[in-house]
Amino acid sequence: MQAEVVMQETRAMPTDMKVLANHIYEFKKGVRQMVLFTFNRKYERFALERLRQQNISYIVQPVGNDRMNLFFGKKACMDAIRLMVTRPLNQLTPEEDFMLGALLGYDICAQCERYCERKCRNCQAAQ
């Protein structure tokens, strides 16, 4: 009976919140130490309450266009994010962007390529 209720609840859940549930599951299982989740602002209350209920540290950052960035994970990671992400993500330096991607566990070679591309673009803009 309980599994049936969970299945009905899952089917009724919007896609954004299904993705959040999966991210929380991966965090709780130790697959990820930190997550960056971008979602529609209308789900903010639900998302934050879900994290509070599970005692998970988080940081919210408005993106615009009714979207929000939600960082969550280990407290040490959130402390680093508070120090590093002090402006919109598209305004991070190439170095900050690289560090953020590495902290999020993104493919390190892809992060190196992204860093070089962003750094060279900035170099060319300065000339």
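**View 1. The largest nonpolar core of the predicted model.** The largest nonpolar core has 16 residues, and those with the most contacts inside it are M17, L20, F37, F39, L70 and F72; such a core is a set of buried Ala, Val, Leu, Ile, Met, Phe, Trp, Tyr and Cys residues joined through side-chain atoms within 4.5 Å. The elements that give two or more residues to this core are α2 (15–29), β1 (34–40), α3 (44–53) and β3 (67–73), where helices (H or I, at least four residues) and strands (E, at least two) are DSSP runs numbered from the N terminus. With four residues, α2 gives the most to this core. A second, separate core of eleven residues includes I59, M78, I81 and L104. This is a predicted model, in which local features need pLDDT of at least 70 and side-chain atom pairs count only at pLDDT 80 or more, whereas totals for chains, interfaces and linings use all residues. Residues are numbered from 1 along each chain as its sequence is written, and side-chain values use heavy atoms, with hydrogens and water left out.

**View 2. The aromatic pair of F37 and F39.** A search of the whole structure finds three aromatic pairs, counted when ring centres of Phe, Tyr and Trp (its six-membered ring) lie within 6.5 Å, with planes under 30 degrees apart taken as stacked, over 60 as edge-to-face and the rest as tilted. The rings of F37 and F39 have centres 5.2 Å apart and planes at 5°, so this pair is stacked. F37 is buried at 3% relative accessible area, and F39 is buried at 0% (buried means under 20%, exposed over 50%, partly exposed in between, with a 1.4 Å probe and protein chains only). Not counting residues up to four places away in sequence, F39 touches D16, M17, E44, A47, D66, R67, M68 and L70, a contact being heavy atoms within 4.5 Å.

**View 3. The aromatic pair of F98 and Y115.** F98 and Y115 form an edge-to-face pair, 5.9 Å centre to centre with 65° between the planes. Because F98 lies in helix α5 (residues 94–103) and Y115 in helix α6 (residues 108–126), the pair ties together parts that are 17 residues apart in sequence. F98 is partly exposed, with a relative accessible area of 24%, and Y115 is partly exposed as well, at 25%.
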